[in-house]
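Here are my notes on this one, as numbered points. Have the model open while you go through them.

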Amino acid sequence: MISTPILWSKTHLRFSQHLSVSLYCFLGFSVEHIRVVNVLVNMDRRVISVATIIAALVIIGIVSIVLANYTQSSQPTLTPTPASTPTPTPTITPNSTINPTTSPVATPTPTPQPTPIAIPTKNTVIEYTYTIVKIFPHDTTAFTQGLVYDNGILFESTGKYGESTLRRVDLETGQVLTQIKLAKTYFAEGLALVDDRLIQLTWQNKVSFIYNKDSLAQTGNFTINTEGWGLTYDGTHLIMSDGTANICFLDPTTYQKTGEIVVKDGDTAIININELEYINGSVYANIWLQQRIAIIDPKNGLVTGWIDLDGIYQPQNDDNDSVLNGIAYDKAGNRLFITGKNWPYIYEIKIQPKNNT
Ligand SMILES: [Ca+2]
């Protein structure tokens with residue numbers, strides 16, 4: 001008969017043995033080691049108890065470690081986030097618009113177009129046409145060689161030997177208000193107004209006459225070295241043509257030549273420059289026997305435009321001398337007048353580039 005304490009001890013011993021074996025198997029010990037343990041267990045109950053306690057503590061520790069690992073492994077794995085690649089910042093063009101009410105559909109950005117590079121031309125010449133604003137009467141006996149407007153009055157120089165005159169004409173009625181006749185030996189040409197002086201050229205007489213603009217009384221004369229064709233005044237200089245492509249500048253007081261330009265359309269010299277009118281920085285010039293007016297830059301002589309007046313008036317008698325000649329400008333009223341030799345009309349015209357019509 002086995003006493004209770006002994007039975008407990010044996011039971012406890014077997015439990016401890018199994019526990020130790022399981023523990024050491026778990027820990028990976030060899031069977032040889034298990035036998036050693038059994039030997040140790042059989043040695044002493046106190047050693048067995050201590051071993052049991054150590055085994056229990058070890059099991060608790062292992063279980064704790066396993067549980068801890070399990071808990072850790074059950075946590076979401078924090079995958080290192082790869083370094084974010086810089087996202088290109090969308091470029092906001094100045095013209096792009098943001099509409100918060102619409103879906104963010106990318107608006108095509110207009111492709112910038114290369115700015116056309118203006119290639120300066122050597123000489124830009126504008127072709128003008130005209131419209132008639134008003135028609136005024138004109139004396140058909142007036143062989144117009146010079147025309148100037150001043151405060152409602154047209155001053156006119158007429159040519160031909162034996163017929164040359166200087167006259168004051170009422171623009172509206174065409175009535176000749178005052179007139180002087182030149183000697184038969186003079187062929188009158190261009191005319192300009194400098195303050196209260198009228199300057200009248202002669203064709204081949206190498207002389208110019210000076211008059212009071214109100215009385216038309218001659219107050220003087222001066223010599224010119226070329227033929228006289230057209231004349232105008234820009235406020236600083238008298239500007240004179242001589243039938244060639246040359247235009248010269250004269251001092252308006254001494255009448256001495258101060259400069260000269262050659263009228264060219266591109267590389268082509270324009271000869272037969274006839275009656276002149278200075279208008280807002282340009283010199284407008286009739287070209288003898290042509291139905292057009294040249295617009296000339298007085299700084300360099302280059303033609304900047306042509307006014308095509310073809311068809312504005314056709315002489316009835318096929319008189320080849322009755323050609324376009326005579327330009328006057330009303331600066332205050334911005335009115336441009338043109339006429340011709342022995343024409344029955346003076347035309348107030350407006351000009352505009354042909355490509356705008
Ligand atoms: Ca004129």
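1. Strand 6 covers residues 188-194, and five bridges join it to strand 7 in an antiparallel arrangement. On terms, helices (H or I, at least four residues) and strands (E, at least two) are DSSP runs, numbered from the N terminus, and two strands pair if DSSP finds at least two bridges between them.

2. A word on what you're looking at. This is a predicted model, where local features need pLDDT of at least 70 and side-chain atom pairs count only at pLDDT 80 or more, while totals for chains, interfaces and linings use all residues. Residues are numbered from 1 along each chain as its sequence is written.

3. Back to the turn. Strand 6 and strand 7 make a hairpin with two residues between them, and Asp195 in that turn has a positive phi of about 55°.

4. Leu198 has Tyr211 in strand 8 as its bridge partner. This hairpin has four residues between the strands, and Lys206 takes a positive phi near 60°.

5. How enclosed is strand 7? Five of its six residues (197-202) are buried, so strand 7 is largely enclosed by the rest of the structure. Buried here is 20 or more other C-beta atoms within 10 Å of the residue's own, exposed is 12 or fewer, and partly exposed is in between, with C-beta atoms placed from the backbone.

6. Asn151 isn't a glycine, yet its phi is positive, near 55°. Asn151 lies in the loop between strand 2 (144-150) and strand 3 (153-158), and it is exposed, with 7 other C-beta atoms within 10 Å.

7. The other is Leu216, also not a glycine, with a positive phi of about 60°. Leu216 is in the loop between strand 8 and strand 9 (218-223). Is it buried, exposed or partly exposed? Leu216 counts as partly exposed, because 18 C-beta neighbours fall inside 10 Å.

8. Finally, the whole chain. The secondary structure comes to three helices and 22 strands. Of the 357 residues, 28% are buried. Among contacts with a separation of 6 or more, 48% are between residues 24 or more positions apart; a contact means two C-beta atoms, placed from the backbone, within 7 Å.
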